[in-house]
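Below is a note on one model, written for a colleague who will check it against the coordinates. Please read it with the structure open.

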Amino acid sequence: VHDIVYVYVEHIMPDNKRIQGPEESQCPLLYLEEDEKPSLKPLLKPDGLRQDGRKATEMRPMFVNSEVHPRATGSAYLEQGNTKVMCTIFGPKESPRREDFTPQGRLTCEFKFAPFSCRQRRPYPQDQEEKDYSTSIVHALQRVVCLKTFPKLQLEINVIVLENGGSALAASITCASLALATCGVEMLDLPTACTVVQHESGFLVDPALDEEYMRDPLSRHPDTKASIVVTYLPSLDEVTALKQTGVLKHQDVRKGIDVCVEGCLRVHQRLRKFLTEQIETEK
């Protein structure tokens with residue numbers, strides 16, 4: 001005797017309270033104008049200028065602001081061209097890890113690209129690139145922060161990129177430096193960062209997104225060879241972090257570092273002017 005099983009399939013009513021998506025979708029890039037569509041162009045135009053009109057050693061316009069988050073110990077906002085970064089500082093506070101007493105505090109960082117910040121949507125969990133950037137920011141700033149002033153405590157740095165227009169790591173380090181300066185944490189200096197990209201005839205300072213050296217061979221520009229990100233302390237004349245992507249000769253590395261240092265000095269002057277004006281305004 002075989003049991004007969006009857007399966008009843010009920011009709012699922014549509015959810016009228018939600019806006020139904022289209023059955024077929026198309027890429028949003030199809031709706032861009034012809035001059036807005038991404039295309040592969042040479043890094044330099046025949047007149048020697050870049051595609052955005054800058055010289056090889058010219059940086060993008062920068063806008064900075066502080067105290068943008070009311071609940072954070074310190075916060076900062078930075079715009080460098082189309083790159084928009086916000087950083088918040090929380091702490092010093094008790095470390096969640098149960099460790100033995102240490103005379104120095106801990107510096108932690110969480111870097112994240114907003115899902116809408118890049119041309120391709122980024123996932124919500126941290127990917128490997130974002131974890132590498134978090135480690136790079138800690139290495140660049142832990143040499144500057146006086147960790148002995150808050151033993152067995154930790155200082156949390158949270159960086160989010162709202163729009164990635166190129167040189168996101170350097171902009172994040174500079175933004176985190178400004179946030180640390182506004183939250184009253186003792187530091188040895190005001191660090192700044194700069195990025196350069198090597199091409200066939202030299203280096204490009206502060207590259208835009210289309211000029212960056214990508215890890216993916218299919219995404220990078222064929223004229224770019226490598227990139228260097230340098231974090232520099234102007235008062236101490238010291239490089240705290242160096243991140244190189246790609247292969248460079250020894251003499252090219254030294255030249256790229258010198259070009260980065262010049263860019264860091266210009267960024268430092270901009271931050272120092274902003275902090276001076278902020279102190280005079282509070283008086």
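1. Basis. The model is predicted, so local features are given at pLDDT of at least 70 and side-chain atom pairs at pLDDT 80 or more, while totals for chains, interfaces and linings use all residues. Residue numbers run from 1 along each chain as its sequence is written, and side-chain values use heavy atoms, with hydrogens and water left out.

2. Sheet order. Helices (H or I, at least four residues) and strands (E, at least two) are DSSP runs numbered from the N terminus. Two strands count as paired if DSSP finds at least two bridges between them. Four strands make an open sheet in the order β7-β6-β8-β9, with antiparallel pairing. The edge positions belong to β7 and β9 (238-246), each of which has a single partner strand, so one side of each lacks a neighbour in the sheet. From one strand to the next, the twist averages 25 degrees.

3. Strand pairs. Strand β6 (residues 192-199) is joined to β7 by four bridges, and the two run antiparallel. Val197 has Leu204 in β7 as its bridge partner. Between β8 and β9, also antiparallel, there are eight bridges. Here Leu233 is the bridge partner of Glu238 in β9. β8 and β9 form a hairpin with four residues between them, and Asp237 in the turn has a positive phi of about 50 degrees. As background, strands of a sheet pair through backbone hydrogen bonds, either parallel or antiparallel.

4. Helices on the sheet. Contact here means heavy atoms within 4.5 Å. Axes are lines fitted to C-alpha atoms, for helices over the stretch in contact, and angles run from 0 to 180 degrees between N-to-C directions. Helix α1 (residues 128-141) lies across β8 and β9 and runs at about 155 degrees to β9. Helix α2 lies across β6, β8 and β9, at about 165 degrees to β6.

5. Core. Which residues touch the most other members of the largest nonpolar core? In this core of 59 residues, they are Cys87, Ile89, Ile137, Leu141, Ile157, Val159 and Leu180. Helix α2 (residues 168-182) gives the most to this core, with 10 residues. A nonpolar core is a set of buried Ala, Val, Leu, Ile, Met, Phe, Trp, Tyr and Cys residues joined through side-chain atoms within 4.5 Å. Buried means under 20% relative accessible area, exposed over 50%, and partly exposed in between (1.4 Å probe, protein chains only). Beyond its neighbours within four places in sequence, Ile137 is in contact with Cys109, Phe111, Val159, Leu169, Ser172 and Ile173.

6. Salt bridges at Arg54. A salt bridge is a side-chain nitrogen of Lys or Arg within 4 Å of a carboxyl oxygen of Asp or Glu; by this rule there are 12. Asp52 forms one with Arg54, with the closest N and O atoms 2.8 Å apart. Asp206 forms another with Arg54, at 3.8 Å between the closest N and O atoms. Asp206 is in the loop between β7 (202-205) and β8 (226-233) and Arg54 in the segment before β1 (62-66), so this pair ties together parts 152 residues apart in sequence. Arg54 is buried at 5% relative accessibility, and Asp206 is buried at 2%, whereas Asp52 is partly exposed at 43%.

7. Arg122 and Glu129 form a salt bridge, their closest N and O atoms being 3.3 Å apart. Arg122 is buried at 12% and Glu129 is partly exposed at 29%. Salt bridges with shared partners join Arg50, Asp52, Arg54, Arg60, Asp206 and Glu211 into one network.

8. Ser117. This residue is in the loop between β4 (106-113) and α1. Is Ser117 buried or exposed? Ser117 is buried, with a relative accessible area of 5%. A polar atom of the Ser117 side chain lies 2.7 Å from the backbone oxygen of Ala114. Leaving out residues up to four places away in sequence, Ser117 touches Arg122, Val161, Leu162, Glu163 and Asn164.

9. Leu265. Leu265 lies in helix α3 (residues 250-282) and is partly exposed, at 35% relative accessibility. Not counting residues up to four places away in sequence, Leu265 touches Tyr232 and Pro234. The C-alpha atoms of Leu265 and Ala193 are separated by 9.0 Å, with the two residues 72 apart along the chain.

Conventions:
Polar contact = N/O pair within 3.5 Å; in protein donor to acceptor, adjacent residues only side chain to side chain.
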